[in-house]
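This briefing accompanies a structural model and is arranged by topic. Please keep the sequence and the structure in view while reading.

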Amino acid sequence: MTDVTSEFEAFLDGFLPADYAENYRHYRRDVKLRTEYQAAAFDAGWLVPEWGPGEGGRGLSVPDALAVKLAGARRRVPRLMNIQGAGVAAPAIRSYGTAAQRARLLRPATRGDEWWALGMSEPGAGSDLAALRTTATLADGVFTVSGQKVWTTQADEARWCALYVRTDPEARPHRGISCLILDLRSPGVEVRPIRTAGPAVESFCEVFLDEVKVPEEALLGPLHGGWGVAMSSLEHERDMIWINTWLETTRALEPTLTAPELSEHQLVRLGRSLADAEGVRLTGLRTAAQRWAGLPSPASSILKLLGSESVQRAALLSLESAGARAFDDPALFDERLESLAATIYGGTSEIQRNIIAERTLGLPKGTP
Amino acid sequence: MTDWQLLAPDEDSLALADTARAQFRSLRGPAVMRAALDGGVAGGWETVAEGGYVDIGIPEELGGIGRMIDLVVMLEEAGRALLTAPLLASALAFRTQVAAGVHREEFRRAPAGFGIAEGVVDEGGRCRVERVHVLGGHGAAAFTLVVQGPEQVWVVVVDPEGEGVEAVEQDTLVDPSRPLPAFRLGHKTGVAAAEWRELAFGDLERVLAGARVCVAADLVGTAAGALDGAVEHVLQRRQFGRAIGAFQGVKHQLADAYTAVERARSLVYGAALSLDPRDCLLANAVAAETAVRVTSLFTQLMGAMGVTFEADCHLFLRRAHQTACLLGEPDALYLAAARIERRISR
């Protein structure tokens, strides 16, 4: 263990309750602890260790920052309440934001003080994001926005929304999109939560936009350059999400690992899931190592694909190994249901396969 | 440098992989392999020996060079080229000898055979095995065998020309290009071993760890070679007015195959660095399943050509199937890994 990770471990020892590891299943849903953890980790510079002091980090090198994140995963640090704020919006603001945007928005987004929603999907634009039709017209320094978003995670609790809108209807679909920072308290915004299939699935919403006024200063990145903002922020998420899916996979396997008796068939399935967890961890690390060494690395889409499918198999195994005990333990089914969302959100597995086939294997573009 | 940074092969490893790829390609080939299938003799040991490949992954104090990761990238190239020379057999033999503490430098001057079987070795080192398939068994100067008894395990090195060694099955049905002849040892009085070491049964996976990494690396290479072949074919074959690689039904299967190969490669690199028995079992199992799956897909995407003698895909399929169960079938390996993990967790 390096000095920097032992310092981080000391921080965790000071912050987490003494019975945290033992009662993780309970703490996993502890909203107060999760909220306080994010703020404390931000203040201490452990939340995004590779960023600078004051940004939630301490300017660590990529390898040291990764070592800290892995140590955090091993200790199962509390999950962020609003992952798309610190994980997607903050990196986009940091890369594309103006000085004023960074000064106003970066800290609260990363620290979790202000939540973010991502306004991407629409009724007619899910996987086909470039087909989005919410329009924004710019006149006298103000965008007027009308349209509808859907599957907008946590829009009912968020303050801000990274809203993708069509600003140039004449251009080719992905050349006419811009990203606006929408204050969800603006007049003309109506947010309607959608009831999810189970309590563990994160809440998502419909967002209706009726002639909403957004000041020109709230444009994030170049005008008509929203596609690039979307791709780079999702890429950022895909690069790191494997640490979470590795953690979730190993966590889902725990009941099976310690179950008193398993059939040989269940042991074989457990072995396969152990390989899944190791496959995610080692592919994530190998990708990071190859990038760090300046070598070509496996496509980041495979981490999304492997991670989400591993979590699903592990959740299925825990539910099925429990047999009738699952009737008395609602969390097992809820986690199974939650795991099914993993191959849908953040780009479906089908889309990841198209990306791998076309960009990595060089197969023809288009989808007959 | 942290451990995970070693998962990226450095410049030395990459240079080795390039050299091996070029050299193995010149030895390969579908033509060599087809000739072997028709009963021709596959050579190539001299090239492998002169290239210094057999010293890779052997500790320096035993006269070796290179690290496990070098052995892995080199064997991956051998698997990709469907190498017929007995390089994998030799690597398995030498790694196992080293792990059991019975290696001698002179063993590396000649091709070696390797096998696992049930049997017994007495206190004087006389070995009895009813039937053992020996990879590289034809032309080997020594057999390294892992002999599993009811309560112990032995690693023995025996002379194939020695008294009591009988060839019982010459034909190799699945992949004749890398023969797996069967032998019976010491039916009556036992065969005297040149070297032997008795181990506790619980040490079996520790001794086999390096061998599992070698087999897994070879299998990853075969899977990667089949993936390359499949991609090349779907870009060139046209139906309905376009390359068949444009269809999502084809694209998604190849994307999954690519993902599977990268996942298997990650597990093999990780296992090569840790040499932990659980990691090596998992890498072996995953590489075996991946090789069978990707070589099968290669056959499917070739259409009717896929089941002709002329197409390369059956060569990959034969190699994958034979190598996949060399050190135990995947389900048995998953089971063993799960048992190890449960012992640690409880």
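**Briefing on chain B and two loop residues**

B:Leu275 is located in the loop that lies between α7 (248-274) and α8 (277-301) of chain B. The model is a predicted one. The points below describe this residue further, then a residue of chain A, and then chain B as a whole.

**B:Leu275**
- The phi angle of B:Leu275 is near 50°, a positive value in a residue other than glycine.

**A:His224**
- In chain A, the loop between β8 (219-220) and α7 (226-258) contains A:His224.
- A:His224 also has a positive phi although it is not glycine, with a value near 70°.
- The relative accessibility of A:His224 is 28%, so this residue counts as partly exposed.

**Fold and dimensions of chain B**
- Chain B contains 10 helices and 11 strands.
- Chain B is as compact as a globular protein of 346 residues, because its radius of gyration of 20 Å is close to the 20 Å given by the globule rule.
- Along the principal axes, the C-alpha atoms of chain B fill a box of roughly 70 × 50 × 35 Å.

**Interior and surface of chain B**
- Of the 346 residues in chain B, 60% are buried.
- Among contacts in chain B with a separation of 6 or more, 73% involve residues 24 or more positions apart.
- Chain B exposes about 13,900 Å², and carbon and sulfur atoms supply 50% of this area.
- Chain B has 33 positive and 45 negative charges, whose mean positions are 6 Å apart.

Terms used. Residues numbered from 1 in each chain as written. Chains lettered and ligands numbered in written order. Predicted model: local features only at pLDDT ≥ 70, side-chain atom pairs only at ≥ 80, totals over all residues. Heavy atoms only, no water. Helix = DSSP H or I, 4+ residues; strand = E, 2+ residues; numbered from the N terminus. Rg over C-alpha atoms; globule rule 2.2 N^0.38 Å. Buried < 20%, exposed > 50% of the residue type's maximum accessible area, 1.4 Å probe, protein only. Contact = heavy atoms within 4.5 Å. Areas by Shrake-Rupley, 256 points an atom, 1.4 Å probe, with all protein chains shown as cover. Lys, Arg positive; Asp, Glu negative; His and termini not counted. Charge placed at Lys NZ, Arg CZ, Asp CG, Glu CD.
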